[in-house]
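Please read them with the structure open.

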Amino acid sequence: MKLEDFDYDLPEELIAQTPLLKRDESKLLVLDKKTGKYEDKKFYDIIDYLNPGDALVLNDTKVLPARLIGTKEETGATIEVLLLKELHDDEWECLVKPARRIKEGTIVVFGNGELKCKCTGVYDEGIRHFKFIYDGIFLEILDKLGNMPLPPYIHKSLSKENQAYYQTVYAKELGSAAAPTAGLHFTNELLKKIKEKGIKICYITLHVGLGTFRPVNEENIEEHHMHSEWYSMSKDVADTLNYVRKNGGRIIACGTTTCRTLETIMKDRNSFEEASGWTSIFIYPGFKFKGIDALITNFHLPKSTLVMLVSALAGRENILNAYHHAVDEKYRFFSFGDAMFIK
């Protein structure tokens, strides 16, 4: 399969720049993966497509205010540092711009000097390892100095007051470099109604990392290398999912991150079990799904690994037809955009 097979035309004005204040009033395109038929709904209609005995699985990761703007200590040059994952003892893997300015031993200063970091390792694609130096509690300092690491196609920054819109209402486990955006559409009220209808709501964790920011550059997509992301599933959730499947219910993943977690566990174990670790699973057409029956997701970038994932689930032609319809109907695309339910 070639990269061009997953391309589509998207007018720039359809890329959502701001979140909807009423999360569940976004549009919802419902796609039948078997027939390719689709219908236009609102997100709050999702409850009509969930049945008693189904399980809705959500990713409860919480986004770090991981984007730091500082200055190179010796020259004063502006440096942007995006925290990706903690390695150990205040040492982090980071994405840096401009990376060419950062060599081993370089020190970057943030704020009024209350936070510094020293480069301890130089790697490809703008990756650097930094040891952070500070007094006090790191997460409190980060909350003061850091900003939400919005994707590069969002050109408007969020105010501190509005940064909650880049978190799901159920975000709990701090550690992501980006939000699991399919979950941004849920409200507490909608989740309460879903639970009252008899749908089991389960939470897993996958901390979204560098893979979200990395484009596919290989023309043959099978040569693309996925970065690893950390995931976790509890025994209670595993037992619930096994029970639901045994009793004929569907497992509905909210987001590609949830999908990748469930498919990783099923691929490795052939049943849902308590598990945690690193996954670099790459899902593209030809993949045999074992973990999920349906998927709630947003509209993804052309030629991205996420378009490949939804194409694996629903068929490339069905996805591209649905995307062309969404463009014609002026759906809002990407992180702050509208949603799709693949059933």
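Predicted model: local features only at pLDDT ≥ 70, side-chain atom pairs only at ≥ 80, totals over all residues.

1. How many bridges join strand β13 to β15, and do they run parallel or antiparallel? Five bridges join them, and the two strands run antiparallel. Strand β13 covers residues 229-233.

2. β13 and β15 belong to an open sheet of nine strands. The order is β2-β1-β17-β16-β14-β3-β12-β13-β15, and the pairing is mixed. β2 and β15 (275-279) are the edge strands, each pairing on one side only. From one strand to the next, the twist averages 25°.

3. Two helices pack on this sheet. α5 touches β1, β16 and β17, and its direction makes about 150° with that of β16. α6 touches β1, β2, β16 and β17. The direction of α6 makes about 150° with that of β1.

4. Is α5 mostly covered or mostly open? It is mostly covered, with nine of its 10 residues buried. Those buried residues are T305, V307, M308, L309, V310, S311, A312, L313 and A314. They pack against β1, α4 (256-269), β16, α6 and β17. After α5 comes G315, with a positive phi near 95°.

5. The buried residues of α6 are N318, I319, L320, A322, Y323, H325, A326 and V327. Their cover includes β1 (27-31), β2 (38-42), β16 (294-298), α5 and β17 (339-342). K330 follows α6, and its phi is positive, near 60°.

6. Now the nonpolar interior. In soluble globular proteins, nonpolar side chains tend to be buried together. Here the largest nonpolar core has 68 residues. Which members touch the most others? They are L241 and F333. Helix α5 (residues 305-314) gives the most to this core, with seven residues. Apart from it lies another core, of 25 residues, including I79, V81, V108 and C117.

7. Leaving aside neighbours within four places in sequence, L241 is in contact with A55, V57, C202, M233, I251, L262 and F272.

8. Is N298 buried or exposed? Its relative accessible area is 2%, and buried means under 20%, so N298 counts as buried. What does its side chain meet there? It makes a polar contact with the side chain of H185, at 2.8 Å. A polar atom of the N298 side chain also lies 3.2 Å from the backbone oxygen of F334. Not counting residues up to four places away in sequence, N298 touches T181, A182, H185, Y323, F334, S335, G337, D338 and A339. Among these, Y323 is one of the buried residues of α6.

9. Six strands close into it, in the order β5-β6-β7-β10-β9-β8, with antiparallel pairing. Its twist averages 45° from one strand to the next.

10. Strand β5 (residues 67-72) pairs with strand β6 (residues 78-88) in the antiparallel sense, over five bridges. R67 has L82 as its bridge partner in β6. β5 and β6 form a hairpin with five residues between them. In that turn, G76 has a positive phi of about 85°.

11. β5 also pairs with strand β8 (residues 107-110), in the antiparallel sense, over three bridges. Which residues are the bridge partners of G70? In β6 the partner is I79, and in β8 the partner is F110. I79 is also among the members of the core of 25 residues.

Methods: Residues numbered from 1 in each chain as written. Heavy atoms only, no water. Core = buried A, V, L, I, M, F, W, Y, C linked by side-chain atoms within 4.5 Å. Buried < 20%, exposed > 50% of the residue type's maximum accessible area, 1.4 Å probe, protein only. Helix = DSSP H or I, 4+ residues; strand = E, 2+ residues; numbered from the N terminus. Contact = heavy atoms within 4.5 Å. Pairing = 2+ DSSP bridges. Axes fitted to C-alpha atoms, helices over the stretch in contact; angles between N-to-C directions. Polar contact = N/O pair within 3.5 Å; in protein donor to acceptor, adjacent residues only side chain to side chain.
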